[in-house]
Amino acid sequence: MKEKSYIAIVQCDIVKERCSGYRCEKAFFDRTDGFARYSKDMELRSIYMTCGGCCGRGIHRKLDELTRSIKEKEGIEKDQIAVHFSSCITKDNYHAPPCPHLDYLKTLVVDKLGLDLCEETSISNMSEKLRQKGIYAS
Ligand code: SF4
Ligand code: SF4
């Protein structure tokens, strides 16, 4: 994956009704969990958005607008952007099982928009323990 300069963090619209997204932001700031691949020394910007609600189709329009605008205003190309799906989209967790539209969301981001995708943001220690015990399925 080419070195990134811009991270788009996509969070579940339903979960965001009761989650501020703080743990995602903290993980990004600290470069832990899903963001451990990026050095703290890297100059890296981030933007947060929700999927737009089920079935997630809105994320195509949001990310398409982002890639066009950021290229026009700053010359940042698609391959400099990484999309991170929040862990509450991709993993069984306190809020709910993974998004039932996960494959569709991946198709929009990877196949339709041609963006690199990572499937983690913040990872809760408690959730990881419950995954290891098989209480959370994934
Ligand atoms: S991963 Fe955690 S902090 Fe991030 S949006 Fe989902 S529930 Fe909120
Ligand atoms: S499409 Fe998935 S990520 Fe988006 S609101 Fe529905 S369940 Fe959440």
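These legends go with close-up views of a predicted model. Residues are numbered from 1 along each chain as its sequence is written, with chains lettered from A and ligands numbered from 1 in the order in which they are written. Since this is a prediction, local features need pLDDT of at least 70 and side-chain atom pairs count only at pLDDT 80 or more, while totals for chains, interfaces and linings use all residues; side-chain values use heavy atoms, with hydrogens and water left out.

**View 1. The open sheet.** Here 4 strands line up in the order E2-E1-E3-E4, with parallel pairing. (Strands, E, of at least two residues and helices, H or I, of at least four are DSSP runs numbered from the N terminus; two strands pair if DSSP finds at least two bridges between them.) E2 and E4 (116-118) stand at the edges with a single partner strand each, so one side of each has no neighbour in the sheet. Neighbouring strands are turned by 25° against each other on average, direction ignored (axes are lines fitted to C-alpha atoms, and angles run from 0 to 180 degrees between N-to-C directions).

**View 2. Strand partners.** E1 (residues 6-11) and E2 (residues 45-50) run parallel over 6 bridges, and Ile7 has Ser46 in E2 as its bridge partner. The chain gets from E1 to E2 through H1, in a right-handed β-α-β crossover (with the strands pointing away from the viewer, the path from the first strand over the helix to the second runs clockwise). Elsewhere in the sheet, E3 (residues 81-85) pairs with E4 over 3 bridges, also in the parallel sense. His84 stands opposite Cys118 in E4.

**View 3. Ligand 1 and its shell.** Ligand 1 sits in the largest pocket. (A pocket is an open set of points on a 1 Å grid over the protein atoms alone where a 1.4 Å probe fits, with protein on both sides within 12 Å along at least five of seven lines; a molecule sits there if more than half of its atoms lie within 2 Å of its grid points.) Among the residues around ligand 1 are Arg23, Cys24, Cys88 and His95 (a heavy atom within 4 Å counts). Helices H1 (22-30) and H3 (87-90) each give two or more residues to this shell.

View 4. Ligand 2 takes up space in the second largest pocket. The peptide bond from Cys54 to Cys55 is cis, with omega near 15°, and Cys55 lies in the loop between E2 and H2 (58-74). Most peptide bonds are trans.

**View 5. Arg31.** Arg31 lies in the loop between H1 and E2. Phi of Arg31 is near 60°, a positive value in a residue other than glycine.

Note on methods
1 Å grid on protein atoms, 1.4 Å probe; cavity = no way out; pocket = protein on both sides within 12 Å on 5 of 7 lines; lining within 4 Å.
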